Amino acid sequence: MTAMIKALPFLWQGLLVTLQISAIVVVIALVLGVLFGTALTYAPRWVAWPVRAYSDIARGLPLITLIFFVYYAMPALKVNVGGWWAAVSALAAFETAHVSEVTRGALQSIHPGQTEAGRAIGLTFAQRMLYVIFPQALRRFLPPWINTVVDTVKGSALVSLVGIVDLMLAVQQVIGRTFQPLPLYVLGAAIYFVINYTLSQLSRRLEARFAYVRE
Amino acid sequence: MSYHLNFAVVGRYFGRLGWGLALSLELAAIGIAAGVVIGLALALFAQGRGRVVRTLIAAYVEFFRNVPLILLVYLVFYGIPSVGGFAYSATTSFIITLSLYAGAYLVEVFRAGLDAIPRGLIDAGRAIGLTPWQRTAYVQAPTMLRIVLPSLSNAFISLFKDTAIASVIAVPELTYGANWIYTNTFRIIEVYSVVTPMYLVTGWTLLLLLRQLERRFALRRA
């Protein structure tokens with residue numbers, strides 16, 4: 001018990017790193033994912049096809065494999081961005097692909113009549129997206145997007161494997177000094193649980209709120 | 001770029017990748033089988049039970065869904081034996097973790113599947129005099145399995161990718177094999193340009209086969 005209390009400030013530092021990495025990845029994945037998802041849905045084939053290939057490859061690999069590869073391959077290819085960015089960009093590449101699919105799903109759920117109506121009253125593509133499609137797609141987008149945020153927080157634990165002292169690695173370093181694996185793993189799990197459970201409940205509540213009967 | 005490719009080392013140690021992939025698939029298969037048993041049992045058991053049972057099941061589901069898999073793997077492999085006074089091999093420990101993890105996801109899938117069974121089917125079962133147990137075995141279960149089949153195949157492919165996490169406790173699956181070759185030869189680009197297609201092709205092949213199966217068993221609704 002005392003070991004756990006003494007470990008708290010150190011774990012707090014780790015938690016901050018976990019939250020920081022998750023936040024950066026969530027922002028990158030949101031921006032790129034919405035862009036790519038829109039391309040998947042509306043862009044001509046020569047744009048959509050490479051995006052589709054990227055998304056299928058990034059989603060088809062285990063995240064841990066992607067992180068190892070990017071982390072070790074970058075120095076081999078003489079790309080020196082540091083381990084931190086290597087891990088963050090691998091995680092971002094993975095989550096971007098998932099957000100693209102969430103975006104695509106949300107956009108495709110909008111009836112094509114909406115696009116046709118927008119076109120009929122002379123709206124440009126940008127106007128149709130901004131005023132017609134996106135506002136309607138938002139309710140389909142938000143709940144699964146929050147789930148990708150949960151996946152990001154969970155996935156960020158894998159950056160511990162390339163030596164970034166996030167919550168996961170902080171827990172292990174404390175165990176390395178105190179030799180009390182069980183209480184510390186349980187404590188670590190509890191911290192992750194509180195963050196992710198809050199997010200998933202939010203997602204569930206939004207989903208219930210946004211559910212509407214379709215004609 | 002001054003990197004010279006040398007695929008010979010990957011060829012020399014390819015056995016580690018081949019057997020690694022076989023083990024990954026095996027772990028995923030055991031995981032989905034055990035997960036189906038756990039998920040189905042709990043979903044059926046929760047039906048019409050009181051709040052205590054439902055809360056306990058929800059606690060199990062939410063715990064496994066909201067904690068990183070890697071932490072669960074460490075918890076089961078290092079944490080539990082440290083106080084339990086026993087030990088198990090890394091592979092056994094990972095199978096236990098992955099099964100519980102799969103079970104937590106599949107309880108929800110089966111619960112949704114049970115909810116999606118048309119009410120009239122169960123009433124019809126009652127009308128022709130089936131006992132509650134017979135209604136579960138002959139009406140609910142077969143109908144639900146066909147409803148949840150797409151979710152099951154997604155879960156299987158997802159588990160196949162999750163087996164890569166087993167490398168952190170030295171279970172000799174595909175990612176562990178890749179890292180072993182890397183640590184011993186430093187041939188990262190070569191190793192990963194072989195491992196990446198192995199994961200992708202296996203995953204896509206599974207997807208293709210499972211989609212065939214889904215089409216074959218899809219419910220035709222009136």
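This is a predicted model: local features need pLDDT of at least 70, side-chain atom pairs count only at pLDDT 80 or more; totals for chains, interfaces and linings use all residues.

What percentage of the 215 residues in chain A do buried residues make up? The figure is 38%. For the complex, the predictor gives an ipTM of 0.90 and a pTM of 0.91. Chain B has an average pLDDT of 91, and 98% of its residues score at least 70. Within chain B, the mean pLDDT is lowest for α1(B), at 83, and highest for helix α5 (residues 90–115), at 95.

Let me begin with chain A. It contains eight helices and zero strands. Its C-alpha trace spans about 70 × 45 × 25 Å along the principal axes. If we take contacts in chain A between residues at least 6 apart in sequence, 77% of them join residues at least 24 apart.

I turn next to the core. The largest nonpolar core has 108 residues, and those with the most contacts inside it are Ile67(A), Ile70(B), Leu71(B) and Val73(B). Helix α4 (residues 82–108) of chain A gives this core its largest share, 13 residues. Leaving aside residues up to four places away in sequence, Ile67(A) touches Ala87(A), Ala90(A) and Leu91(A), and also Leu158(A), Val159(A), Leu161(A) and Val162(A). As general background, nonpolar side chains tend to be buried together in soluble globular proteins.

Now to the contact between the chains. Chain A contributes 29 residues to it and chain B 33 residues. On the side of chain B that touches chain A, at least two residues come from each of α3 (51–66), α4 (69–84), α8 and α9. That side of chain B has 23 nonpolar residues, eight polar and two charged.

Which residues of α8(B) are buried? They are Leu174(B), Thr175(B), Tyr176(B), Gly177(B), Ala178(B), Asn179(B), Ile181(B) and Tyr182(B). The cover over these buried residues includes elements from both chains: α3 (63–76) of chain A, and α1 (8–12), α2 (14–46) and α9 (188–217) of chain B. Just after this helix, Phe186(B) adopts a positive phi of about 60°.

That concludes my presentation. Thank you for your attention.

Technical notes:
Residues are numbered from 1 along each chain as its sequence is written. Chains are lettered from A and ligands numbered from 1 in the order in which they are written. A residue is buried if 20 or more other C-beta atoms lie within 10 Å of its own, exposed if 12 or fewer, and partly exposed in between; C-beta atoms are placed from the backbone. Helices (H or I, at least four residues) and strands (E, at least two) are DSSP runs, numbered from the N terminus. Two residues are in contact if their C-beta atoms, placed from the backbone, lie within 7 Å. Ala, Val, Leu, Ile, Met, Phe, Trp, Tyr, Cys and Pro count as nonpolar, Asp, Glu, Lys and Arg as charged, and the others, Gly among them, as polar. A nonpolar core is a set of buried Ala, Val, Leu, Ile, Met, Phe, Trp, Tyr and Cys residues joined through C-beta atoms within 7 Å. pLDDT is the predictor's confidence in each residue, from 0 to 100.
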